[in-house]
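Subject: Structure handover

Hello,

Here is the structure we spoke about, with notes on what was found in it. Please look through the model first and then read on.

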Amino acid sequence: LAGCFVANPSDIIAAVATRMATVAAVGNVHQRHVLFHDEAAARAALAYTVPGGSDYAGQVVSRAWFIYIERTDDAVLDTASYRHRIDYYVVIRGFHGVMDGATPKSEVVFRDLVEAVMQALRADLTIGATVSIAEPPQARSHGHAVAGNILCHAADLVIRATRYPLIAPI
């Protein structure tokens, strides 16, 4: 059945994480929402050792991404043929610790990293064949946040991913 996908939200999130892994020095990618039971857990989730050949090579920085489904919309398109559409709103929340006095500036590094992630996600608008089509990622916000008691640059990217499964007749 062409266009009939059986991927579940966890498959979509995993495929987004796989695509993000193609970005050099992307940081830690977590397939879950940002929830920590204590500061030590938050710091561990954010801690990333930057590989050689990248800005801040060899340093441990706070750099992480968290992927989750924010919302799901379901709409029946045609009751006679049992066609419907499911839209998943995938949020990719990124953090990069503010590094005062660093060269290059941490804000510039994070801004370029956000763009690199968006380019990688634009390159596969079926998200690893888990959906029929996804809209290019949108940067919903770009600013600052505190994560693990660390001041960070932060960005929320959103992808609307659509699939058209068949529903069984009643």
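Axes here are lines fitted to C-alpha atoms, for helices over the stretch in contact, and angles run from 0 to 180 degrees between N-to-C directions. Helices (H or I, at least four residues) and strands (E, at least two) are DSSP runs, numbered from the N terminus. The model is predicted: local features need pLDDT of at least 70, side-chain atom pairs count only at pLDDT 80 or more, and totals for chains, interfaces and linings use all residues. Residues are numbered from 1 along each chain as its sequence is written, and side-chain values use heavy atoms, with hydrogens and water left out.

Helix pair

Two packed helices are described by the angle between their axes and the distance between the axes. Helix α1 (residues 9-20) and helix α3 (residues 106-122) have axes that come within 9 Å and cross at roughly 120°. The two helices α1 and α3 are therefore oblique to each other (under 35 degrees is roughly parallel, over 145 roughly antiparallel, 65 to 115 roughly perpendicular, the rest oblique). From α1, Val 16, Arg 19 and Met 20 meet Val 117, Ala 120 and Leu 121 of α3, where contact means heavy atoms within 4.5 Å.

Cores

A nonpolar core is a set of buried Ala, Val, Leu, Ile, Met, Phe, Trp, Tyr and Cys residues joined through side-chain atoms within 4.5 Å. Buried means under 20% relative accessible area, exposed over 50%, and partly exposed in between (1.4 Å probe, protein chains only). The largest such core has 28 residues, and Val 16, Met 20, Trp 65, Ile 67, Ile 92, Val 117 and Ile 127 have the most contacts inside it. Two or more residues each come from α1, β3 (60-78), β4 (83-97), α3 and β7 (150-163). Helix α3 gives the largest share of this core, seven residues. Another core, of ten residues, lies apart from it and includes Leu 46, Phe 66, Ala 147 and Cys 152.

Backbone

Most residues other than glycine have a negative phi, and most peptide bonds are trans. Thr 103 and Pro 104 are joined by a cis peptide bond, with omega about -5°; Pro 104 is in the loop between β4 and α3. Tyr 56, not a glycine, has a positive phi of about 70°. Tyr 56 sits in the loop between β2 (47-49) and β3 and is buried, with a relative accessible area of 6%. Asn 149 also is not a glycine and has a positive phi, about 65°. Asn 149 lies in the loop between β6 (138-147) and β7 and is exposed, at 57% relative accessible area.

Regards
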